[in-house]
Amino acid sequence: MQRHPLDPDQRIGLHSDMLLIRAFENHITRMAHEQGRLPGMQITCHGQEAVAAGVVRALTPRDVVVTNHRSHGHLLARGVDPGALLAEIMGKRDGLNRGKSGTLHVADPGRNVLMTSTVVGAGPLLAMGAAFAQHYRREEGVTCVFFGDGAAAEGSVHEAMNLAALWKLPVLFVCESNCWAGAQAHREHCPIGEIATRAASYGMPGEVVDGNDVERVHETAQVLLKHCRSGRGPVIMECRTYRMHGHGEHDPQHYVAKDELASWAGRDPIVRHAEALRRDGLGERTAGLREGAELAVDRAAAFADASPFPPPEEALEHLYVNPVTSEG
Ligand SMILES: Cc1ncc(C[n+]2csc(CCOP(=O)(O)OP(=O)(O)O)c2C)c(N)n1
Ligand SMILES: [Mg+2]
């Protein structure tokens, strides 16, 4: 695989994205443990920041993103304003979707984030539809869909991959293989371990990448996106990573062995990347980045806290582009 070395600005950009995502998710964790602060289930991507930053930074604004229940990192890397995202998660009026989507259904049409689907395995089919539209309209974009290793066991994912390959649709299928699907370990739902191996059976390329190595993720995504853009059809990119928190913040994951957690903590993508940057003489440029990310989240929190809840009369507004009226 022909990779292009990253320049210092790109490397620092990837690092900043990961720091922002981590700071944001830490804030969600804190709030999730305060009674009454956040509605619904809160699902964070602690440990998976390198996948979000590495893949999303390789996309262009024309590319479409379809995400899943573990979406905050994808959205922040795409440039979604942390304040608007946090307000959305809190169900506030100034949220990205006016407080009507919450964390689990966020969409940002302005940034081509088509939708967040929390129906496990539905995202790849939606992505295939979006990619069909891109192909049909002869647009340049690619559709990038994130899904989990558990989702890969759903029949819908097979259908999406099969048809995308048959019609040579520009889809980057990104599997975040994070060792768990809810409380089920990877080996309990996946007989072959590697999901990218399946690519061969669809006649498309498949790559496995260390999902805790942000630069490797980024370079691999760049190469695979080139394939999608060339009209040769879809690809599967499997990022091997780890879910450091429970399925959601309500889940203390007592079913996870302590030594497994400790071993993955030792491969933290942010710590590893900071070390790599230091080794290459870029340590000085990382000074203050963490504090900057935390400040951005503090500002986001102040914005979201100050935002009111939407009034009940707005409940049925902005749900459809052309709302069906009571007159029909
Ligand atoms: C069709 C469907 N089945 C079950 C669920 C409940 N559920 C939500 S997330 C999840 C686990 C998904 O695991 P994986 O795809 O590996 O993603 P991860 O949570 O590890 O990021 C399950 C079973 C659902 N949302 N949709
Ligand atoms: Mg998983």
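Modeller: Glu 238 is buried, because its relative accessible area is 0%, where buried means under 20%, exposed over 50% and partly exposed in between (1.4 Å probe, protein chains only). The model is a predicted one, in which local features need pLDDT of at least 70 and side-chain atom pairs count only at pLDDT 80 or more, while totals for chains, interfaces and linings use all residues. Residues are numbered from 1 along each chain as its sequence is written, chains are lettered from A and ligands numbered from 1 in the order in which they are written, and side-chain values use heavy atoms, without hydrogens and water.

The side chain of Glu 238 forms a salt bridge with Arg 240 at 3.2 Å, N to O; the term denotes a side-chain nitrogen of Lys or Arg within 4 Å of a carboxyl oxygen of Asp or Glu. Arg 240 itself counts as partly exposed, because its relative accessibility is 29%.

By this rule there are 15 salt bridges. One of them joins Arg 37 to Glu 34, at 3.0 Å from N to O. Here Arg 37 is partly exposed because its relative accessible area is 30%, and Glu 34 is partly exposed at 38%. Another pairs Glu 139 with Arg 137 at 3.5 Å. Glu 139 is partly exposed at 40%, whereas Arg 137 reaches 56% and is therefore exposed. Arg 11, Glu 215 and Asp 280, in turn, are linked in a network of salt bridges.

His 186 belongs to helix H7, residues 186-189, a helix being a DSSP run (H or I) of at least four residues, numbered from the N terminus. His 186 is buried, because its relative accessibility is 12%. A polar atom of the His 186 side chain lies 2.7 Å from the backbone oxygen of Gly 193.

As for the ligand site, 14 residues surround ligand 1, and among the closest are His 69, Arg 70 and Asp 149; a residue counts as near when one of its heavy atoms lies within 4 Å. A polar side-chain atom of His 69 is 2.7 Å from an oxygen atom of ligand 1. The backbone also takes part: an N or O atom of Val 120 lies 3.0 Å from a ligand nitrogen, and a polar backbone atom of Gly 150 lies 2.7 Å from a ligand oxygen. The protein covers 69% of the 590 Å² of accessible area that ligand 1 has on its own, by the Shrake-Rupley method with a 1.4 Å probe.

Terms used. Polar contact = N/O pair within 3.5 Å; in protein donor to acceptor, adjacent residues only side chain to side chain. Helix = DSSP H or I, 4+ residues; strand = E, 2+ residues; numbered from the N terminus.
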